[in-house]
Amino acid sequence: MSVELECRLLNGLCRLLYKNEYGRFISPCSVSRVQGEYLKALLKRNAETVYGRKYGFDKIRCYKDFAERVPLTKYEDYEPYIRAMSYGAENVLTSERVTLFELTSGSSGGKKLIPYTPSLRREFQRGIKPWLCDIYTKLPEVRAGKSYWSITPVTEGKSRTRSGIPVGFEEDAEYFGYIEQGIMRRIFAVDGSVKFPENMDRFYFETARQLLNCGALTLLSVWNPTFLTILCGYIREHAEALSETLPENKRAEFLKNAAENRFERIFPDLKIISCWADGSAADYIAELRSLFRGVYIQPKGLLATECFASFPLVGEDGSRLSVYSHFFEFRRLSDGKIVTAGKLKRGEYELIVTTGGGFYRYRIGDIIEVLETYPDRPPRIRFLRRGGVSSDLFGEKLTEEFVRNTLKRLGVSGEFCLLAPYGKRYRLYTTAENITNETLDNALREGYHYDYCRKLGQLDCAEVVRVTGDPRKNYIDKLSADGMRIGDIKPAVLSSKGGWENFFERKTK
C-alpha cells in the first residue's frame, strides 16, 4: 500500500471518529447552559474529595454559590495537595486517580507537576477532535500525508514519583483517545524514539532525518515558531550529512533547496503549519513564512499544560473557546469584574479555569482579548500575553509588555532580544545593531520604577550585548535543559533570571 493511500485511509478514519464531536461544537448551543451543566457535574463528582469537603462542593447550587465559596487560586495553593498525590494519596483534588503528572514551568523556571486524570484527558480531546476534524474537512489534502507533532526531548530519561506515578507523556499520541493512538502512531512522521536522545544534537538530527524520509508531510504542529525555524536552520547546516539518508536521486535537489532556504520545496506536500502566532510569538511568523512560502500558517488557540482553552477554525481570525472542555471565568481588566463565558463582551480579560484535573478557579496567568461574541456559538478569542511576567530586583517592576513596547519604540523588529538581570544592571542580549547602552537605558527609564531605581543608584546603566550564532536555539536549549518542555517555552523578551552570558555566543568586533 502506498504512503498516500494508507494516510488517506487512516486520516479519513480519524475524521469519522471525530465527526460527532465536531458536529456538536459547530451546532447552535447555549454557552451558559453548556458551561453550567459541566460545572454542576464536576462539583458533584468531586464533592467528597479533600478539596471538595473543604469548600463545601455539596452545598453549591449555582455559579453564584461557586464564586462565593471557592477562592481564586494559583499553582502554589495546590502544592501541598499535589505533593500528597505524588506520594500516592487519593481522593484529594479529584475522585479519579491520577494517571500521570506532566511537567510544566513558568517563564522564570521552577518545575511544576500538573496532575492528569481520565477526565482531563477527555477534556483535552473535546478540543483536539473538532479542531482536527475541521482541518481534515476544510483542507482535505492534509489527509493525503503524515503529520509532525512537536515532541519534547527528555535527555535525563524517564521518571516517576515516589509512589510510581509516571512523570510526562511517553509520546504525543497519548493526548489522543485510546483508539486513535494506534492510528496516530502510523501517521506520525516522527516516532517517539526521539523523545529520549543522548543529546540535543542527536534529537535535531533524528527529527530532521525522519521528517525528510517520511514520504509525504502534510501537517506540522509545533508550539514555538522559533523551534521550527531552528529545526530548518539545523537542516540547512547539516544538509550534507542528512542528504546521505535520502535516496540518491533526491540528494542534489535537497541540497540546492536547503542552501536556498526553500523548505516548501523540501516538503512539497505540506499544507498547514499550526503554531503560536499571537502575543510575543507574532514577531517570528514573518521568518516562518519566508521559509515555507505559500504554506497556510494557522495560529494555535490557547493551550496550556493545565487546560485546553480554545482552538482555531480554518479561515477564522482568532480561536473559539472550547466550551465543552472546562468551566471558564474571565476577569475583566478594565474593572476587575469576573464574568462567565455566557456574559462575555469584547475586551481584555484574564482567563480563569476549572478542570477535571483538580484545579478550581485557577488563574493560569494568560491575558486574552474577546474578539466577538454570539448568541448561540462559543465566543471568538485571541491570546494577547502572559500576565505577571516580570523582573523586580530592586523595585523596578519591569514587565514583559513594557520591555516589548520599549523595543518597538527603539525600532527593533524581528531581531532576537532578551533582557535579563546581570549583577546590578540589565543586559539586553540581542542581534540588533541599532541600539546603544544609552538609548536602551533611557528608554527603560521611561518606566517610573526603573527610573527611580536608577536615580537611587540601585541599578547601573543597562548594557547591550550583541550575540551571534543561533541565540533562539541557545534560549530554547537552556530552558529545556532546566526542565521546561519545549511546548511550554514561549518566545520572550524578558527573563527574571541571570546567567545567560554562559549560553549565548558573544559577537566580537
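Modeller: A residue counts as exposed when its relative accessible area is over 50%, and as buried when that area is under 20%. The model is predicted. Start with Ile 179. Its relative accessible area is 62%, so Ile 179 is exposed. Ile 179 sits in helix α7, which covers residues 178-187. It also belongs to a nonpolar surface patch of about 390 Å².

Now the contrast. Helix α9 spans residues 225-237. Eleven of its 13 residues are buried, so α9 is largely enclosed by the rest of the structure. Among the buried residues are Pro 225, Phe 227, Leu 228, Ile 230, Leu 231, Cys 232 and Tyr 234. The run of buried residues listed for α9 also includes Gly 233 and Ile 235. From first C-alpha to last, α9 reaches 19 Å. That is close to the 18 Å expected at 1.5 Å a residue.

Strand β3, residues 146-149, is buried too. Lys 146 and Tyr 148 point one way from β3. Ser 147 and Trp 149 point the other way. Both pairs are buried. The partner of β3 is strand β6, residues 217-221. The two strands run parallel and are joined by four bridges. Within this pairing, Ser 147 stands opposite Leu 219 of β6.

Notes
Residues numbered from 1 in each chain as written. Predicted model: local features only at pLDDT ≥ 70, side-chain atom pairs only at ≥ 80, totals over all residues. Heavy atoms only, no water. Patch = residues over 30% accessible without salt bridge, like charges linked within 9 Å, V, L, I, M, F, W, Y side chains within 5 Å. Areas by Shrake-Rupley, 256 points an atom, 1.4 Å probe, with all protein chains shown as cover. Salt bridge = Lys/Arg side-chain N within 4 Å of Asp/Glu carboxyl O. Buried < 20%, exposed > 50% of the residue type's maximum accessible area, 1.4 Å probe, protein only. Pairing = 2+ DSSP bridges. Expected span 1.5 Å × (residues − 1).
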